[in-house]
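I am opening the notebook on this model to look up a few local features. The entries follow the order in which I looked.

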Amino acid sequence: MKGIKKSKSGCLVCKRRKKKCDEAKPRCGHCQRLGLECKYGVVLNWMKIQLRARFHASGAQPTNHHLLNANFTNMGLAYHLLQMSPNCPVRVHNELWTATVAEPCIDPRKTSPEYLFNHYVRNMSKSRSFCGSTDTANEFVSIIVPLCKNFTALNQSVLCYAAIDLLKEELTSTTPHKDVLQSYYSLYVQFKDDAINGLHLILDTCDLSNLEILEELIITIMILCAAEIANNTSKNWVNLMKEGFLVFSSLQPTQILNSKVLTFVYRYFSLRYVLLVCTLKGDVLAQLLDSCRWPVIESFFESDTVDHLFGCSPKLLHTIHQMAMLNHARETNAIEESVLVEQYLGIWTTLSEMKQRTAQDISELDMCAAAYLVAAKVYFCMLLLIGNLSFNRNFKKKFLLLTKNLTELLIGLSKVNMKVFFPGWTLLVLAACQSCTPAGEDVRQQIMGIFQTLELKWPLSTVAELKDAVQSIWVLYDTSIEEPENLAGALRLEPNGVDWRDMICAANYWLPLV
């Protein structure tokens, strides 16, 4: 506010609210009056848009003191959600690269199908499973590589996938060359079109009751989905997942489980579907559920053995899905409160008693499974707080301890020298809990440190999209601080009762959280 000198050494709450702090200890006057926790320390600042432009133009390197990125779109969306303003801005989603010429124009040896395929085999397949590049358990090697010899459409999709990965490598090099970038983008488009045409040919001319034909169809859709995720093409990957589930809906569970190829693809899509469902709500979630019918194979999800493709056990993944669906039923008034409470408590019992077993001696996989289990418990508590259920106070103390435990697990996992996936859903759950509280400021700092580590390991990956989504959630929280109820760490924000999933939906994020 103009005319008021804001203290640089004030408490975290006053800094976040941009209010003058009397710096009284242990509790300043503002916090005493509002009944809030009072703490002194470093607050994460939102980088002004003009400053961010100068920062990037100067080529300055980031420091250990993290700055949060805010943009006009996210701030406009937050205001729209909290104040129900009629003007809702639209978030623009950009691909990695935009075409300018039609033909590749670099060394033909680096654009040949053989070069692209070898890049997939030698580099990409190593980072798609905890099982390494030579283990037969890594389906990205043991299934996809041999099938490429017989399945033309699959081979084209793998080349498309490799081309976009090589484009990303060039973008992150010291001196990216425009002609190289354009060449790989042209190859990406060319092989994607070839693969899609191959799929149409299969649908038009082949007998879909033939198992091999179905396998080629579904695994090609899967790799095209992975390529769309790699190209940051937002909802396109979801549309391909829908096509995959459409194929599965025509099959019996035994047909899926008796085929290694079909089981592999079913697991790939199931993980991404369940984690996506957890981020949506309201009409957006209802539309996804209606258009993307996930066939649940109960017998498969009874296993408590950690799946190296999931990073957790099938039983835990299914339990996470049950929580999301139960919460959706509550929000749509499709369940009675007594039944709701009974089912929630049953899920908590399941989570408390769950023991995930690992079949392989892989320490990173054990850490990932542990993070998923703790994150599932945090997610459970979060849903109770958002729903303002009568028995949620019994879990508030557990919630704080679990959040601390999850933070430690993810910091440790981010520092592991591995090239396999990071459980992005667990990081999103942790970040979504960090509303306007002094304790939340500390965890935000730690989360930004995790993102910095992950972006160094995987530049231009889905980590960047996840980080942007997390910052948009924090924009929503920090825009709501004028309401005293929200300053106490509420996850359901007044005056309109919105939560972090409203921001995800409004900003049109479709997060592939692996």
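**Overall.** I am working with a predicted model. I looked up the secondary structure of the protein and found 23 helices and two strands. Of its 514 residues, 54% count as buried. I also checked the contacts with a separation of 6 or more: residues 24 or more positions apart account for 71% of them.

**Helix 16.** I took residues 337-353 next, which form helix 16 with its 17 residues. From the first C-alpha to the last, helix 16 reaches 24 Å, close to the 24 Å expected at 1.5 Å a residue. Which residues of helix 16 are buried? I noted L340, Y344, I347, W348 and L351. They cover an arc of only 100 degrees around the axis, so they sit on the same side of helix 16. On the other side of helix 16 I found S338, E342 and E353 exposed. I then looked up what covers the buried residues of helix 16, and the cover includes helix 15 (314-331), helix 17 (363-387) and helix 18 (396-414).

**Annotated span.** I checked the UniProt record, an unreviewed entry, and its annotation "transmembrane region" covers residues 369-391. In the model, the end C-alpha atoms of residues 369-391 lie 28 Å apart. I read the span as 83% helix and 0% strand.

**Helix 8 and helix 10.** For a packed pair I need two values, since two packed helices are described by the angle between their axes and the distance between the axes. The axes of helix 8 (residues 152-171) and helix 10 (residues 211-230) come within 9 Å and cross at roughly 10 degrees. That angle makes helix 8 roughly parallel to helix 10, because angles under 35 degrees count as such. I listed the residues that meet: from helix 8 they include L154, V158, Y161 and I164, and from helix 10 they include I219, I223, L224 and A227. Also on the list are K168 in helix 8 and E216 in helix 10.

**C433.** Where does C433 lie? I placed C433 in the loop between helix 19 (424-432) and helix 20 (438-457). Is C433 buried or exposed? Its relative accessibility is 9%, so C433 counts as buried, the cut-off being under 20%. Not counting residues up to four places away in sequence, C433 touches V378, M382, F399 and L491. I also looked up C433 and I473, which are 40 residues apart in sequence and 9.8 Å apart in space, C-alpha to C-alpha.

Conventions: Residues are numbered from 1 along each chain as its sequence is written. This is a predicted model: local features need pLDDT of at least 70, side-chain atom pairs count only at pLDDT 80 or more; totals for chains, interfaces and linings use all residues. Side-chain values use heavy atoms; hydrogens and water are left out. Helices (H or I, at least four residues) and strands (E, at least two) are DSSP runs, numbered from the N terminus. The expected span of a helix is 1.5 Å times one less than its number of residues. Buried means under 20% relative accessible area, exposed over 50%, partly exposed in between (1.4 Å probe, protein chains only). The arc is that of the directions from the helix axis to the C-beta atoms. Contact means heavy atoms within 4.5 Å. UniProt positions are given in the numbering used here, feature names are shortened, and annotations may be inferred rather than shown by experiment. Axes are lines fitted to C-alpha atoms, for helices over the stretch in contact, and angles run from 0 to 180 degrees between N-to-C directions. Angles under 35 degrees count as roughly parallel, over 145 as roughly antiparallel, 65 to 115 as roughly perpendicular and the rest as oblique.
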